[in-house]
Amino acid sequence: MTADSGSMGRPGRQELGRFLIEAHALSSDWVPAFGAVDRAALLPDLMWPFDLETRTSAPVDRREDPDAWYEAADADVPIVTQWDDGTHTGRRPGRLSTSSSSMPSVVWPLLHDLAVEEGMNVLDVGTGTGETAGALTHRLGRGRVTTIEVDREVSAHARERLHGLDLLPETVVGDGFEGHPGRAPYDRVLATVGLREIPGAWITQSRPGGLILAPWGTHFSTGDATVGLTVGNGVASGRFTRLVEFMKLRTQRAPRVSHDDYLAADAFEAADVSATEITEPEFTTATYTALPLVLGLRVPRCVQTVADKREGRRPVWFYSTSDPSWACVMFRDGEREAPVWQSGPRRLWAEVSGAYRWWLDRGRPDVTRFGLTVTPDGHRAWLDDPEDSWRV
């Protein structure tokens, strides 16, 4: 079967299907669901496609420019569908994107990694537009999929659109962090929101041997990595699979960090000063590389902010979320050493650079060599061997 079959009459959608298959993002067993669950059928008239290069969004309205709207719907890009938890009005982008349709090249590999089988009971956390809930319902049938969304209007929109496609998952309005015990136990739990803590409720609501698949990370950066956790005896453990970036669960968004709360007027004069030979190109890597995740795993309670480069200079800031500690590295084009300022009870740059060298000493391991174990006592990360873990 090819992606041109079924309801794939729109040329742009045919092209998207071919692209996903050739990129090995859409596996053959999910092709029928892709054909049945048209992303465009689930999107609102006014939406904001996200430009991955400029990291900006611009409005597209189907009522005004249907060709541009369908072009965006059939593109492999994320599309913002809500700003500011629903308080936003107007056409201009809001302050914080809070609901979206994820990139197809992210969605369909997630569904493949979920490894569903006939007869399974699935909890889908973060309904959004309803695409994953619709695909799962098409694959597993009625009565097998429960999807939960904290925003009542987002949930209602998804439910209406899914019913229009004759796909009827159980749609629930509620806090996904609590799961949905009324339909438990689940064979699979899929989250399409970024997490900083795996809920214990998902573990207790899963069958022994069940799988929790979720984007997880730390507050060190905005990036996530999907992790597949197998459940057993009140514990969930497994490896990371791929790097992604999702909107965060509302109760787990990063703490607000105000620069002024850390730095007084004479902060640089009072700080400890040193230098580092670590260079900007090796340290300020792109979002979808392992290093930000690794640094977050190794340096607790720390937020990194990479500023824009101006006149050949780029400051990288680190703020402790548990005390007033801060650090700044000023990378400068053409210079072999970068000055470092640190202040507070912690020496954050020492911690971060130590974590960086730990990663180098182990051969720059990829994200797939790392894993996570979740117990009632908390989260522990590990490299290669779950027995050799550390508390996150």
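Predicted model: local features only at pLDDT ≥ 70, side-chain atom pairs only at ≥ 80, totals over all residues.
Residues are numbered from 1 along each chain as its sequence is written, and side-chain values use heavy atoms, with hydrogens and water left out.

Let me begin with the cores. A nonpolar core is a set of buried Ala, Val, Leu, Ile, Met, Phe, Trp, Tyr and Cys residues joined through side-chain atoms within 4.5 Å, and buried means under 20% relative accessible area, with exposed over 50% and partly exposed in between, using a 1.4 Å probe and protein chains only. The largest such core has 56 residues, and those with the most contacts inside it are Trp-202, Phe-283, Phe-318 and Trp-349. Its largest share, seven residues, comes from α12; helices here (H or I, at least four residues) and strands (E, at least two) are DSSP runs, numbered from the N terminus. A second, separate core of 26 residues includes Leu-26, Trp-30, Met-120 and Leu-136.

Now to the aromatic rings. Rings of Phe, Tyr and Trp (its six-membered ring) pair if their centres lie within 6.5 Å, and planes under 30 degrees apart count as stacked, over 60 as edge-to-face and the rest as tilted. The structure holds 20 aromatic pairs. In one of them, the rings of Phe-283 and Tyr-356 have centres 5.9 Å apart and planes at 75°, so this pair is edge-to-face. Phe-283 lies in helix α10 (residues 280-283) and Tyr-356 in helix α12 (residues 348-361), so the pair ties together parts that are 73 residues apart in sequence. Both Phe-283 and Tyr-356 are buried. Trp-358 and Phe-370, by contrast, form a tilted pair, 6.3 Å centre to centre with 45° between the planes. The charged end of Arg-298 sits over the ring of Trp-358, 4.0 Å from its centre, where sitting over a ring requires NZ of Lys or CZ of Arg within 6 Å of the ring centre and within 35 degrees of the ring normal.

How are charges paired elsewhere? A salt bridge is a side-chain nitrogen of Lys or Arg within 4 Å of a carboxyl oxygen of Asp or Glu, and a search of the whole structure finds 24 of them. Asp-272 forms one with Arg-347, the closest N and O atoms being 2.5 Å apart. Asp-272 lies in strand β13 (residues 272-276) and Arg-347 in the loop between β17 (338-343) and α12, so the pair ties together parts that are 75 residues apart in sequence.

Finally, which residues of helix α3 are buried? In this helix (residues 66-73) they are Trp-69, Ala-72 and Ala-73. Seen down the axis of α3, these residues fall within an arc of 100°, so they line one face of the helix, the arc being that of the directions from the helix axis to the C-beta atoms. The face turned away from the buried side carries the exposed residues Asp-67 and Glu-71. What covers the buried residues includes β1 (46-51), β3 (60-61) and β4 (79-83).

Key: Contact = heavy atoms within 4.5 Å.
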